[in-house]
Amino acid sequence: MSAKRTLYICKAICWNCKKEFKAAYGKWERKEKQCVVSPGNFSEKEKAVAVENGVVIKTIFYPNDDFYTVNICPHCGKPYSNNRIGELVGHEEKEIVMLNNSGKRMFMNREFEYAGTIGKLERNRGNFKGIYIIVRPEKMQDILLKQTSNAGKFKGKDPTVKVEKLKRKLLDGAEILYLGKSEDSVEKRMQQHIDFWNGKPIAAWGGRSIAQIKHFEELEVWYLLCDNPKEMERTLLREFERQYKQLPFANLRH
């Protein structure tokens, strides 16, 4: 699971004042896969390094509550849209390798931390608020479903979902099967889900369909630290839905 993250400092031309300024973008590479990373997905370290190299990065807030972290033209103060990041490729002035380690992977242009599997969750890896996702591993592309769920019956309610409905929600090209949040500790919340999926009648109803996957204990768990889990969860679910025209397999609603 080794990955390399590289920060690039580039020459850009402002769309408003037409002056040249410094901008930044990142590139994530893992085996043959790679993707471009905008400032909105920079780590705090990457932002700091970009600023040290003369780049201005700010978060812009809009009346509809949307916000975007973008490169800023220092001459006129106008934002350089993240949708135009591709235009920067090939105009690099400086290349800075930020990381090359295991346990990190990009999902939806965000860098997640590996936390083990449902059956073997690594301890002390998620003592922070953020996002957690359940991912099917490469060896488990063909998902088999159980007719009945062995998850806990919280308040006596049967967690079983009809297999026909579950089959309609399975997506061949989607690795993410469930996405949730915690305002406290992603590890603690993940353990509550695991206990529920293994039969304990506790309040972790979301994602209950995971328990009807045969050998669900082999599914992977990944964490994302963030300051506003509620907003990030909403954003990621919207992005997933735009791409796949539905929510992840075990997500019932936004």
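**Cavity, pockets and the sheets around them**

Modeller: There is one cavity of 30 Å³ or more in the structure (a set of points on a 1 Å grid over the protein atoms alone where a 1.4 Å probe fits but cannot get out). Bear in mind that this is a predicted model, where local features need pLDDT of at least 70 and side-chain atom pairs pLDDT 80 or more, while totals for chains, interfaces and linings use all residues. Residues are numbered from 1 along each chain as its sequence is written, and side-chain values use heavy atoms, without hydrogens and water.

That largest cavity holds about 30 Å³, a volume being the space filled by probe spheres set on points joined across faces, edges and corners. Its lining (residues with an atom within 4 Å of a point) is made up of R136, K169, L171, A174, I176, L177, F240 and F249. Six of the lining residues are nonpolar and two are charged, with no polar ones; here Ala, Val, Leu, Ile, Met, Phe, Trp, Tyr, Cys and Pro count as nonpolar, Asp, Glu, Lys and Arg as charged, and the others, Gly among them, as polar.

Now the pockets, which are open sets with protein on both sides within 12 Å along at least five of seven lines. The largest pocket comes out at about 1600 Å³. It has 45 lining residues, and G40, N41, F67, R110 and M232 sit nearest its centre. The biggest contributor to the lining of the largest pocket is α4, with six residues.

The second largest pocket has about 440 Å³ of space. It is lined by 19 residues, with Y178, K181, G206, E233 and R253 closest to its centre. Here β11 (176-182), α3 (186-197) and α4 supply at least two residues each, and the lining of the second largest pocket splits into seven nonpolar, six polar and six charged.

On to the sheets. β4-β5-β6 is the order of an open, antiparallel sheet of three strands, where strands pair if DSSP finds at least two bridges between them. β4 and β6 (79-80) are its edges, each pairing on one side only. Two antiparallel bridges link β5 and β6, and N71 has Y80 in β6 as its bridge partner.

The other open sheet, also antiparallel, has five strands in the order β8-β9-β12-β10-β11. Its edge strands are β8 (104-107) and β11, and neighbouring strands are turned by 35° against each other on average, direction ignored. Angles run from 0 to 180 degrees between N-to-C directions, with axes fitted to C-alpha atoms, for helices over the stretch in contact. β10 (residues 130-135) pairs with β11 in the antiparallel sense over six bridges; I131, for one, is bridged to K181 in β11. Lying across β10, β11 and β12 is α3, at about 40° to β10. α4 packs on this sheet too, touching β9, β10, β11 and β12 (contact means heavy atoms within 4.5 Å), and its direction makes about 160° with that of β11.

Technical notes: Helix = DSSP H or I, 4+ residues; strand = E, 2+ residues; numbered from the N terminus.
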